[in-house]
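I opened this entry to keep track of what I looked up, chain by chain.

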Amino acid sequence: MNSIMIIGIGQIYRSDDGIGLIVAERLRSLLGHREDICVLNYQGDLIHLMELWSGTSMVILIDSIQPQGRPGSIALFAAHERSLPTICWQTSTHSTGLSEVIELAKVLGNCPPALYVFGIEGKNFQIGDTLTSSVAKSSDVLISRIRQIIENGNRITHEQLTTTFS
Amino acid sequence: MNQESQKKTRIIHVDTLTRVEGEGRLLIKIKGLDVEEVKLNIFEPPRFFEALLRNRSLEEAPDITSRICGICPIAYQMSSVQAMERALQMQISPEVKDLRRLLYCGEWIESHVLHMIMLHAPDFLGVKDIIQMSKLYPQKVKDCLRLKKTGNALMGLLGGREIHPINVKIGGFYKFPSESELIPLLQDLLWAREAMVELLQWFATFRFPEYHQKCELVALVHPKEYPMNEGRIKSNRGLDIAVQDYEQYFQEEQRPHSTALYSTLRAKENANRTSYAVGPLARYTLNFDKLSDFVKEQALKIGLGQTCDNPFKSILIRGIEVLQSLEEALVIVDRYRRPPLNFHQNPIQYQLSPTIGHGATEAPRGLLYHRYNIGEKGKILEAKIIPPTSQNQSIIEEDLLELTKSHLLKKNQENWERPQVEIESLQNQDEELRRLCEWAIRNYDPCISCATHFLNIRVERL
């Protein structure tokens with residue numbers, strides 16, 4: 001059983017929506033093969049994340065969030081404790097949204113004991129495979145933060161939850 | 001209802017329909033007991049796929065058209081390869097036909113279960129969404145999600161990935177799975193079949209509003225199998241045509257309030273034959289005899305007849321179709337043998353002269369028609385794609401009109417029968433009507449993204 005699972009989610013051909021996948025891909029290269037850590041890219045139906053993370057004690061999701069005027073800024077949410085803010089993750093009419101999946105997981109008893117969501121604010125979600133420069137730069141900060149979390153024994157403090165990193 | 005309120009025009013609107021795929025809006029105008037207007041506004045942005053396909057190679061059509069929908073990509077791939085293979089006069093081997101049917105089973109399972117449990121069931125249970133439903137029936141929701149995953153697994157294995165599969169090509173597949181990849185699915189499929197039988201028994205306990213649709217039902221009909229990939233286009237009122245004759249009998253039109261086209265039967269000698277419905281009710285009514293004996297038995301056990309004209313019972317029909325898909329998947333997986341390495345898949349031989357190909361398969365939501373005009377070297381000159389949700393738009397509005405009329409009459413009668421009791425406020429009555437209408441729209445599991453793939457463009461240069 002992995003003690004930590006890191007999952008990048010998004011859509012690689014929607015510009016900044018690919019940031020979660022890009023960060024996960026870079027992390028996988030940097031961390032190499034480790035028995036206790038699983039790093040995944042996930043572009044499927046989010047409803048099945050529940051099966052993916054089943055049995056894992058800590059999950060870190062990485063996703064883009066809706067533009068709020070500060071592209072590249074990073075927020076960290078303790079999704080196992082609180083619902084994700086709807087201003088960041090709007091419900092999609094085309095598929096099950098991330099916040100909905102997490103709330104469903106809580107009701108069904110499938111939510112990991114520790115479920116953290118890193119949201120990187122995007123600017124451009126049009127069709128394309130290029131990141132906005134500020135979003136691309138934030139990936140370095142985020143990767144550094146996640147590596148620190150792992151080195152600190154997978155601990156995230158309350159202060160880290162309320163702090164923006166960029 | 002008193003005389004004052006009879007004079008007022010009330011407008012019931014739902015700004016954004018929930019628990020449907022894509023963006024739509026509902027508007028109903030009522031004056032007294034008269035329904036002045038019913039409109040299903042589709043405002044999903046148009047997506048121009050038919051224009052995108054022009055000048056592309058015919059080999060690209062399956063992958064391009066699969067992007068029209070994230071829930072039913074296989075349907076688009078199947079209709080497009082069929083059309084192209086007919087244009088090229090290509091014969092398809094039984095091995096490829098089997099595997100394509102298995103892939104389609106996966107999509108039917110995944111799409112139907114998603115709709116039944118996440119979008120439709122909350123209406124019957126009087127809850128807002130699947131999260132509320134999970135608090136009441138957690139195990140049922142878990143079972144349905146596991147069932148859906150079974151369909152996704154088939155799509156992932158045979159299609160190359162679950163969303164917008166990439167393994168389908170004209171003539172067959174890029175890669176055939178091995179037996180060792182398919183056999184492990186048998187356990188899940190067996191579990192899924194038993195689970196679906198139990199779930200059907202639960203769905204059958206729901207309360208179904210009484211409503212009997214009087215429209216033409218259109219679906220593929222095949223001499224031997226429950227229709228997915230092949231068949232003639234038939235109806236319960238005598239229509240019986242080959243796929244290539246579709247456009248002689250059906251037409252599309254743009255209406256101002258919708259970015260999706262409306263499809264109707266061309267009025268010929270009988271001007272009343274215009275709106276029609278496609279989808280599970282049509283398939284079931286026209287093809288009950290093609291279900292397996294086991295599935296027929298389950299259908300009758302849960303109170304369905306050999307035909308069905310109540311769209312609120314579509315949730316049961318979808319369940320029956322899931323069961324049929326699971327039955328067929330078990331048979332196909334069990335008998336599957338991977339073709340040898342030198343297995344001949346027909347190479348594409350481009351026609352020297354222009355040609356036309358027509359394809360029609362049964363998407364989970366109903367008949368999906370494609371037509372391609374192909375030029376030299378396999379370039380697509382023109383594409384026509386008519387999805388099931390477009391075809392059902394007229395009948396959805398008709399259902400809404402009839403349900404609203406019945407509702408108004410019923411409420412008026414109730415009000416007259418209880419003069420001593422405080423009359424239920426118009427606001428509450430309208431809220432009840434709004435819920436009923438949204439429910440009625442969800443009977444059709446509309447896929448609005450599919451319906452808005454098209455828009456005519458006219459450029460005027462000044």
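I count a residue as buried when its relative accessible area is under 20%, and as exposed when that area is over 50%. The model is predicted, and I read every value below with that in mind.

**Chain B, overall.** With that cut-off, 59% of the 462 residues of chain B come out as buried. I listed the secondary structure next and got 17 helices and 14 strands for chain B. I then took the contacts in chain B between residues at least 6 apart in sequence; 71% of these join residues at least 24 apart.

**Helix α5 of chain B.** I picked out α5(B), which covers residues 94–125 and has 32 residues. From first C-alpha to last it reaches 44 Å, close to the 46 Å expected at 1.5 Å a residue. I checked the axis as well: α5(B) bends by about 35° at B:Met116. Is the helix enclosed or open to the outside? Of its 32 residues, 27 are buried, so α5(B) is largely enclosed by the rest of the structure. I also looked at what comes after the helix and found B:Gly126, with a positive phi near 70°.

**B:Ser178.** I located B:Ser178 in the loop that lies between β5 (172–173) and α8 (179–182) of chain B. Its relative accessible area is 13%. The cut-off for buried is under 20%, so B:Ser178 counts as buried. Which side chain does the side chain of B:Ser178 meet in a polar contact? The partner is the side chain of B:Ser180, at 3.0 Å. I then set aside the neighbours within four places in sequence and asked for the remaining contacts of B:Ser178, which are B:Tyr336 and B:Arg338.

**The sheet in chain A.** I traced an open sheet of 5 strands in chain A, ordered β2-β1-β3-β5-β4, with mixed pairing. Its edge strands are β2 (37–42) and β4 (74–78) of chain A, and each pairs on one side only. From one strand to the next, the twist averages 20°. Helix α4 (residues 133–151) of chain A packs on this sheet and touches β1, β2, β3, β4 and β5 (114–121) of chain A. I noted an angle of about 160° between the direction of α4 and that of β5(A).

For one pairing I went down to the bridges. Strands β1 (residues 4–9) and β3 (residues 58–65) of chain A run parallel and are joined by 5 bridges. I looked up A:Ile4 and found its bridge partner in β3(A) to be A:Met58.

Methods. Residues numbered from 1 in each chain as written. Chains lettered and ligands numbered in written order. Predicted model: local features only at pLDDT ≥ 70, side-chain atom pairs only at ≥ 80, totals over all residues. Heavy atoms only, no water. Pairing = 2+ DSSP bridges. Helix = DSSP H or I, 4+ residues; strand = E, 2+ residues; numbered from the N terminus. Axes fitted to C-alpha atoms, helices over the stretch in contact; angles between N-to-C directions. Contact = heavy atoms within 4.5 Å. Buried < 20%, exposed > 50% of the residue type's maximum accessible area, 1.4 Å probe, protein only. Polar contact = N/O pair within 3.5 Å; in protein donor to acceptor, adjacent residues only side chain to side chain. Expected span 1.5 Å × (residues − 1). Bend = angle between axes of the 7 residues up to and from the residue.
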